[in-house]
Amino acid sequence: MTKKRELHEYSTDPAAQEMLIRAEELGVSTAFTRADKMVPCNIGGAGMCCKQCGMGPCRLTKEGDVGVCGATIDTIQARNLTRAIAAGAAAHSDHGRDMAFLLKATANGQAEGYWLRDIAKLRIVASKYGIPIEGRAPEEIANDLADLYIAQFGQQTGEVVPATRAPKKRQQLWRELKVWPRGIDREVVEALHRTHIGDDQDPEHILLHAVRTALTDGWGGSMIATDVSDILFGTPAPLLGQANLGVIKENMVNVVVHGHQPNLSEMMVVAAQDPEILEYARAAGAEGIQLAGICCTANEILMRQGIPAAGNFLHQELAILTGAVEAMVVDVQCIMQALVSLAQNFHTKIITTSPKVKITGATHIEFDEHKGLTIAKQILKVAIDNFTNRQPAKVRIPRIKEDLIPGFSHEYINYMLGGSYRASFRPLNDAIISGRIRGVAAIVGCNNPRSSQDYLHNTVVKELLKKDVLVVQTGCGAIAAGKLGLMLGEAGLSEVGSGLREVCETVGIPPVLHLGSCVDNTRILTVLTQMVEEGGLGDDIDQIPAVGLAPEWMSEKALAIATYCVASGAYVIFGGSSPISGMPDRVHDSDKVARYISEGWEKLFGGKLEFISDPQKMIEATLAHIDKKRAALGLPAWEENKFGRSGDSRMQQLESLPLEQKRQAIYGLAAD
Ligand code: SF4
Ligand code: MSK
């Protein structure tokens, strides 16, 4: 057992700290404290334990060790990493499959409560694949698109079609290297086959298939999920939202939705406004229903409907600790089993809804899109019925929340840079070319209780902003920045480099753009592709001065995301621990796998994956890469304070005001 940490070592978020004190008062554990007790296995953690067959598990502890079958450390590490990537790709892609089936059902009038909200996006996406759009009803187009997308999962040969949206040069590279995914399910199955005992045992060869498997996620299943979610629920555009536990309201029935898929949560949003349901809540003594989100379900309904986010991954238990949550409704991914036993200390009901996810002790109300609205109302009634069971003495809601502006889809970025008639990425490319913007960092991914919650995310974000790096965020990283007030438009600009600040003021954007959930990392691929197509920054993604970071990663999906970004040409840096680190004293010609996914993949794809635990080194590596790419493009070297003198004078006056007054002056927001 490691030693108990100080509060700030658990989380940098004051709301989380308040709830951790509460957990201690109540004598209950959380992931934060369980992480203290659960010392990670230094063999498995380093990727050197193989459990692939009944002759093992084989734990390799020193140079030259091999498993019973003779497998080397490198082979075992490559197999373990590939299996993790396959699991991550499977999770994202299965989410995409569900969305494609929902599109099909909606197009055929079989999905109660759903309709096609973004016809323009439907037509744009369909026409990319040659689906006829002129003179056809949206439902007909949607039916054809759904059929095409559903077919991608079971396709056996050929090329998955969303990848045709990558830059032309990149497509050519994938063909040459034979990594263009043939079918989404096929690549995941083959990854499991190849890593079975006695199959593929050349680490580089195994890892090349890991690339193909990851591409099937980023340019396959995840891209399908993003497209369909936009078509069904609307393409995000900026709106005002809030984040942190203070969004939970004492006088309301609080329902927290948690997980990833927007199909049920969007219906919950509709149902929570239904007059009959609101009356039902009032009859139970509540003033209304407060919906809030956790994790990426939060991002989905925050960026489209403005539903507040109660928090990111490590807030899931903390929300229950408020004692004011009537129901936590979960779907898939990132849901801790500990929720059920924690909820037993309160009145909170944990409600599982996916046919794929049950948790012992939870209430299961299975979701079915054919009667989505009816089921959403049923769930809300269960929550409302539970309101009278709340124990007021146990209620402790932190009064901490922050405003934020999410919803920067790539479509909106196009629009905001150029307007309706000349929507374009030209101003962004020009700002990078001139050096006003030094480069772009995509800071994404999870929380991990092994490090202080949000610390790595926000440290890296704040330092890069000072150096004129535009930051885009998704997933739990986006919520971390939102909770800190970094997504608040002009009010967040005082800590930003002068060149970036000038661009943000001119365009009217925050310096940190919320791009969506973790499945929406595909939006980043699309932004990078559009930057290439706009011209002036090379002819492929690997030439753009951009870096991807996941400072607090924990899920297998994060590894899949990293790998598809690398295969798309990006430099990706992960914080925390490396799953392929090997033993600390390992010197061999070794760390072959770590070197291969860095130097080896860079030779092949122009992108590389590295694990760097020190945030300062992460920042240095990011800036060095951006500057290297600028130099390779022949762009002027970035100079601090070269730009910014033309900044908005009103903003400069406002800068001296305290944050609350600044916000009131800009948005007319109340202090609450
Ligand atoms: Fe051990 Fe080889 Fe079996 Fe892995 S596959 S558990 S290394 S015998
Ligand atoms: S929810 S995968 S903890 S980002 Fe997407 Fe957050 Fe990571 Fe889950």
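This is a predicted model: local features need pLDDT of at least 70, side-chain atom pairs count only at pLDDT 80 or more; totals for chains, interfaces and linings use all residues.

How many residues in the lining of the second largest cavity are nonpolar, how many polar and how many charged? I found nine nonpolar, four polar and one charged, with Ala, Val, Leu, Ile, Met, Phe, Trp, Tyr, Cys and Pro as nonpolar, Asp, Glu, Lys and Arg as charged, and the others, Gly among them, as polar.

Residues are numbered from 1 along each chain as its sequence is written, chains are lettered from A and ligands numbered from 1 in the order written, and side-chain values use heavy atoms, without hydrogens or water.

I searched the whole structure and got six cavities of 30 Å³ or more (on a 1 Å grid over the protein atoms alone, sets of points where a 1.4 Å probe fits but cannot get out; lining residues have an atom within 4 Å of a point).

Back to the second largest cavity: it holds about 110 Å³, and G445, C446, C518, S555 and K557 lie nearest its centre. Helix α22 (556-567) gives the largest share of this lining, three residues (helices are DSSP runs of H or I, at least four residues). Domain 3 (241-402) and domain 4 (440-482 + 547-655) both contribute lining residues, so this cavity lies between them (bounds from an automatic or database assignment).

Then I checked the largest cavity, at about 340 Å³. Its lining has 33 nonpolar, three polar and no charged residues.

Key
On a 1 Å grid over the protein atoms alone, a cavity is a set of points where a 1.4 Å probe fits but cannot get out, and a pocket is an open set with protein on both sides within 12 Å along at least five of seven lines; lining residues have an atom within 4 Å of a point. Grid points are joined across faces, edges and corners, and a volume is the space filled by probe spheres set on the points. Helices (H or I, at least four residues) and strands (E, at least two) are DSSP runs, numbered from the N terminus.
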